[in-house]
Structures are given as C-alpha cells and as structure tokens.
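Please keep the coordinates open while reading.

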Amino acid sequence: MRTRTKILTQVLLLGSFLLFLLASMGSILAQNQEKVELKIQLPKPMFIGTPRNIKTPNLEPVTGKPRGPFYVPKGTELVSLKKPVTSSDPLPVIGELSYVTDGEKSGEDGYFVELGPGPQWVQIDLKAPYLIQAIVVWHYHSQARVYRDVVIQVSEDKDFVNGVVTLFNNDHDNSSGLGAGRDKEYIETYEGKLIDGKGTKARYVRLWSNGNTANDMNHYVEVEVYALPVK
Amino acid sequence: MKKKSFAYLFVLLLGVALFVRLYRLDLRPMHHDEANQAYKFGQLLEKGQYRYDPADHHGPTLYYFSLPFAWLSGQKTYAELTEGTLRGVTVFFGLLILLVILAAGRYLTFSEKFWAAVFLALSPPLVYFNRFYIQETLFVAFGLAFVIFLWRFFQKPDYKEATWLGISAGLLYATKETSLIVLATSILALVVVWFLSWGRSNSRKRSSHKSESKGSRKEVLAEIKKVALPLALAIFLFLAISFVFYSSFFQHPQGFLDSFRAFSGYGQKAFDPGWHRHGFWYYFSLLFYHKGRGHSPVFSEIPFLLLALVGVVLSFARMSRKSAENFKGYLALFSLFTALVYSAIPYKTPWNMLIFWAGFLILAGAGFVYVLELIKIRQAKIILAGALIFWAGWQAYLVNFYFHAYPGNPYVYAQTSPDFLRLVARVDELSQVAEEGKNMFIRVIAPPEETWPLPWYLRKYPQVGYWTSSEQVESLEPAVVVIISAAEAARRSEKELESYITHYYSLRPDVLMVLLIRQDLWENYRLKRIGGPSGTNGL
C-alpha cells in the first residue's frame, strides 16, 4: 500500500512538472509569435577602424559587427518622424532642431544639429501617448566619439516634473544632476544606440548629453522612437 | 621712417609680440612632441644628464637653453616644471627672431625692417610655434641669423662678421642636424646672386682693365688671404660650438660624430615618412586657405603671400643695382630654394615651413613698403596698413587662443585634445581621495604613440609604470588607476575588468584612451566627491 502511494505521488509530481514545462514552452512560443524583428534603416558607415572591441562592465562592446536583432511587438512603428522637437538650446550653433526627426541619418556635414556646450537636451513630442518599445539615437557618427552623461527619459508630462521614467543613464558621477546612472559609455557608430523602451507609456521623449570626447558641444543626427499606439 | 621713430615703434612692437606669445601660455594641452622634449630636459635638469640621441629628438640647444629659465623659476625637478617655464624658452627665442632683423642693418630700410617685424610679430603660425616647446623656434632664430650674417660676411669679411657667422652656424647646427638644408640653400642663394650681379659687374671691369690683369690677380690673391683667416675663424667657431653642445659639454665626445651619423636616419625618415607623408603643395596649402567643418572660420595668409610675391619680384627686378637690394634678392632666393627643398621632401610637418615662411615675411615687409610708396593718398595708406594688422591680429587670435587645438586649424598637427585634460583632472581628483594620495599605483598600458603626453601630465605621481602592450602585464592589480589604449583594453579579460569602472577620453581625434578606476577607489570617490541622489539606474 505504502509503495503504491509512493509511486502514485511520484507519477503526479512528474506529470505536474511536465505540464508546467509544456505550459512555459507554449507561453514562450506564443510570445515569440507575437514579436517581430525591428527593422531599422541604417545610414552609410562613415567611420571605419578606430572603434575597438572593448569588453568592460560599463563600457559598451564595439565589435565592428552589425548589432544583433532586437524584437518588438507586432504593430510597432516609427512614431517620431517629423514630430516637433524642442531643446534647452533653442538656437542651435549648427543646423536646426528639425534635423533630429527628419529621417536623415547621414554622418556628413549638413545632417546634424549642434547644441551649445554643457548639459543640453532635446525633447520630442510624439503628439499622443504611445507604448514606447525602442529609441535609437545617432549623435554623430563620422568620428570615434563618446558622448558624455547620456540620459534618456520619457514622460507624459511635457515639463518632465511628474511621471518621469529614465530608460538610460550613463552619467556615472551625476554631473548633469539627474542622478548617477550605471549604464555603459559607448562609442558612436553608424548603427546608433538602441535603447529598450520596455513598453513605457509616454508622449514626450527627452535626451540629455553633456559634450563629448572631441569637444564640449552636443550633437544629434537623428532620433527614432518606435512604439505601439495606446488602445 | 626715421631712426628714432623706428626705435620707439620697434620697442612697442616687441611688447606686443611678447604679450601675444605669453598670454595664457598653458592654454593648449601639451603636444606629444613637447612632452617628449620636456622629459628629456627634465633628465638634464634633475640629474645633469644629457646624451645626444642620433635616432630622434634633434640637437641639444633647446635643453641647455632651458636651464636658465628653470633656474630663474626656482624649478629644480621635472615634477616642478610648468608649461609656462618650458614654453617661455621658445617665446624668448621667438622675440629673438624679431631682433635678428636688426642685424640686416643697412641692407633693409627702417620701414622695411619695421613692417617685416610687424608681420613676424603677428604671424599666426609663428606665434603658434613660438608657444610650442620644440626646437623649431630656436631653429628659425639661428637660421635667419645665419642667413643674414652669411650675407654680411661676404660683404665685409672681417673677424667681427666671421665671429657672428660662426656662432650662428654653430647654434643652428646644434639645434637641428637637418640644418644642413639651410646651410646649403643659403650658400646656393649667395652663389646665384653672385652670378647674377657681381659676376656681370666683374666681367665689365675685366674688359675695361685688361692691361691691369696681372695686378688684378695679385689683388684677388690678397682678397683670398683677407677672407681665408676670418673664414677659418667662422668654421672653427661653427665646429667648436657644435662640438660643445653635441658632446654634452665634453662629457660624451661621441655625440658630435653621432650628429653626422644621424643624417642617414633622418634621410630615411624624410623619404619614408609613414603618415607624415604630404604632397608637394602641402605647406602653401596650409598658408593659402584652410577651412574646417561646419561654422569654422577661414584661416588664410593670402595677404602676406601676395606681399611676399611683390617682395620677391621687386628683389629680382632691382637685382644688381645696389648692394642693399641684392640682399633682398639673396633672401628671396634662399626662401624659394628652402621652400622648394622642404616641399620636395615627402616628410612634412607644419612647423618645418617656418624657416622659409619667416624669410618670405621679411620680403612681404619690403613688398608692403613698395606698395605704400605707390599709394599717394595718406588715408588710403592708413586704411590698408590697419586692415593688414587687423587681419594678422584676428588670424593670430583664432589660431592661438580660440582654435588652438581644433583639427580645422591648419597648424594643429597630431595635437592632444583638450578632452585629455579631463582625464588628467579626474586622475588628480582620484588621488585626493585615494589612501596613498599621489603615491597611488598607476599603470599606463599603451604603445608609445598613445603614451605621450602622459609622462608629462603624470610627472607628479611617483608610482607610475609604463607598459607598451597588454602582454607585458599579467594582472592589472594592484593598480588602482589604469590608463590604457582602447586596443590594449580589448585584450584584457572581461573578468579582470569587472573590478574597474571605465571612462573614455580623447587623446587625439579618433584616438580614444580608457581610464580604468578600481571599484573601491571609485566608491570612495563617489561618496566623498559626488554624493547626491541616485537616478533610476543609480549606482
């Protein structure tokens, strides 16, 4: 009797485990079926060579190989194209703020906007709340550069006082005063920097930087926001 | 222009030239080459050691002439030296370039000397490299002196002129072995001028005095005897001064012979220059017109190039009329020959053009005097002179004080980025919170071309080790700070780097260095220095 109970218990446990395993696999498969690869149109590479393969805890590896695929929910679309841009420096030194969302990603002269020195931000108004899946930033990619204190925040408040979510922060010493971050510094490349939006609901995207390794100015070639509409 | 007016204006000009050269002398980060020279001088200052290296670094005058500047500043060690003290040496010799014009004496009018001095005092490239601790400023000062004293000696070959000629030649050679180019082009210019002017007048004399040929021969022999002894003195002084410097003041006599052996190495470098290879028109393209990216201003020496052209044409047009005018022809030929030789050599750096550009600027002064003579309206002369001074001053400001390290500046060459000073400042901040203070252990792992100017900026840290490749370093520990080239950083294991925080800094455009800070030191630094609230991704 005792042996039979023992066998029965073992069979039940094994069955439960198999059921759990099947359910989990089903769930993963279902998730993958819903997700599609995010297709980003890349500009022509301008800089070849110097970015080297750096493998450190807070230094982004640069392999010279294309970035791996990034998956987003089906229905995700580019929602930032031609959307209005404001900035902490309303009168850029070079170019216009509209360049940030004009869809042009070339690294040549005439395609980037240059903001003044020190911590500066650009803000994109998506005109409606979205579930943000990915943000791709090209600061300047015709030279090996690292932009300092890059902080990317999203919010439904245009003044970024309430409901601010920080998606990326590599300001390690809090020099921008937004709190010390722990994300890695990275070298600019033609691929841009992709930030996971994590489906955060927001209408406004604000991107900070604080000069770069080549000079004290802040530059943007393009910013793309990929999102799902809020139902 | 009267002598008295010239004297007052010249002194005023010296004051302006001194101010322009001394103002914020530490503004531009130390260049790779400057740091290299500073280290060599540091060895001489601290240990009294100098030994000529035929492979690199050129001659020793820069180091020996730096000694009084360090002593006067009360600096006795390499660590105590400052940019101001070192660059003060080249500023001093920059002023000497202006004073050398006075040696032209009667061969240039006061007006010509004044305008030549104005153009030299405000010349953007000259000011730029007068604030640059390398041999070039001394080379230009001694080179121009040699060119002028060579002319003077052949006009009046006495012992006084021979002494000046020998001293200037000796100092020139002791500054750079490659001065042989200047020695050769100036002698060639002298010979060509002799053929163009003296030759003709001598042939006329010969045809009219055939009967006195025997007497003439005696006169020629007497002339040769008259020249031979002063010339021997000049050669003796040249050899003696060269020997004194290259032998490290008789400590290493071998150095003098090595300076001649160096020719093969420099010859090889001249025609196999690696990434210093530039086209024939490189120097003139820098001077003619240059514009960086974006809203960069225009850098141009066109007004002075045109005036130099006027000076050159005028010098040739007036050849053989007067002895004084022949000097300008000689100077024009020297400048043209030197420009031609330097342009033909594939190895080029912007500072190499200074010797012939200084010659052209003196000719531009003569050309400008001629242009002023053509203009009859006084107000027009004032406006033209004012416009030229304004252009030179504006360009000197842009080149030296605003775009001093900007790659679009034509005279900026492999210059250390201002961003690199942030790395230096961060290391200094870290030393203030480190338990060992300035005695903290710092590793520098980078190939030589990515190491300098770190030995200058880390001169106050006694515990710094330099390795040229990652393979030489088994473990980064126990270094609390590691400065490593991006390529070498990629060779370290991910696990090892986990105990370090990393930041990027620009050494030069497109050359990034990585600063590794050990986690415990960074935590200490963060707590003591940064504080404040942590963000969403707070550390």
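## Confidence of the model

In this predicted model, residues 532–539 of chain B form a stretch over which pLDDT stays under 50, and for this stretch the model has 27 contacts beyond four places in sequence. Chain B as a whole averages a pLDDT of 90, and 93% of its residues score at least 70. For the complex, the predictor gives an ipTM of 0.74 and a pTM of 0.84.

## Chain A: strands and their pairing

Of the 231 residues in chain A, 41% are buried. If one takes the contacts in chain A between residues at least 6 apart in sequence, 76% of them join residues at least 24 apart.

Strand 6 of chain A, which covers residues 120–138, takes part in several antiparallel pairings, among them one of 3 bridges with strand 4 (residues 85–87) of chain A. The pairing of strand 6 with strand 9 of chain A is likewise antiparallel and extends over 13 bridges, while 8 bridges join strand 6 to strand 11 (residues 222–229) of chain A, again in the antiparallel sense.

Individual residues show how these pairings are placed. Val85(A) stands opposite Ile124(A) of strand 6, and Ile124(A) in turn stands opposite Val205(A) in strand 9 of chain A. With strand 11 of chain A, the bridge partner of Val137(A) is Val223(A).

## The largest nonpolar core

Which residues have the most contacts inside the largest nonpolar core? They are Ile135(A), Phe119(B), Leu120(B), Ala358(B), Leu361(B) and Val481(B), in a core of 197 residues. Helix 7 of chain B, residues 136–155, gives the most to this core, with 14 residues. In soluble globular proteins, nonpolar side chains tend to be buried together.

Around Leu120(B), once its neighbours within four places in sequence are left aside, the contacts are Ile97(B), Leu98(B), Leu126(B), Ala358(B) and Leu361(B).

## Domains of chain B

Chain B is divided into domain 1, made of 37–204 + 220–402, and domain 2, made of 420–530. The C-alpha centres of domain 1 and domain 2 of chain B lie 41 Å apart, and 4 residues of domain 1 are in contact with 4 residues of domain 2. On the side of domain 1 that touches domain 2 of chain B there are 4 nonpolar residues, with no polar and no charged residues.

## Backbone geometry in loops

Most residues other than glycine have a negative phi, and most peptide bonds are trans. The table lists exceptions found in this model.

| Site | Feature | Value |
|---|---|---|
| Trp452(B) and Pro453(B) | cis peptide bond | omega about 10° |
| Glu477(B) and Pro478(B) | cis peptide bond | omega about 5° |
| Asn174(A) | positive phi | phi near 55° |
| Phe250(B) | positive phi | phi about 75° |

Pro453(B) lies in the loop between strand 3 (442–445) and helix 18 (454–457) of chain B, whereas Pro478(B) is found in the loop between strand 4 (464–467) and strand 5 (481–485) of chain B.

Asn174(A) belongs to the loop between strand 8 (165–169) and strand 9 (193–209) of chain A. Is Asn174(A) buried or exposed? Asn174(A) counts as buried because it has 21 C-beta neighbours inside 10 Å, the cut-off for a buried residue being 20 or more.

Phe250(B) sits in the loop between helix 10 (213–246) and helix 11 (254–271) of chain B. Because Phe250(B) has 9 C-beta neighbours inside 10 Å, Phe250(B) counts as exposed.

## A loop residue of chain B that touches chain A

His295(B) is found in the loop between strand 1 (290–291) and strand 2 (298–299) of chain B. With 9 other C-beta atoms within 10 Å, His295(B) is exposed. Not counting residues up to four places away in sequence, His295(B) touches Val93(A) and Ile94(A).

Note on methods: Residues are numbered from 1 along each chain as its sequence is written. Chains are lettered from A and ligands numbered from 1 in the order in which they are written. This is a predicted model: local features need pLDDT of at least 70, side-chain atom pairs count only at pLDDT 80 or more; totals for chains, interfaces and linings use all residues. A residue is buried if 20 or more other C-beta atoms lie within 10 Å of its own, exposed if 12 or fewer, and partly exposed in between; C-beta atoms are placed from the backbone. Two residues are in contact if their C-beta atoms, placed from the backbone, lie within 7 Å. A nonpolar core is a set of buried Ala, Val, Leu, Ile, Met, Phe, Trp, Tyr and Cys residues joined through C-beta atoms within 7 Å. Helices (H or I, at least four residues) and strands (E, at least two) are DSSP runs, numbered from the N terminus. Two strands pair if DSSP finds at least two bridges between them. Domain bounds come from an automatic or database domain assignment. Ala, Val, Leu, Ile, Met, Phe, Trp, Tyr, Cys and Pro count as nonpolar, Asp, Glu, Lys and Arg as charged, and the others, Gly among them, as polar. pLDDT is the predictor's confidence in each residue, from 0 to 100.
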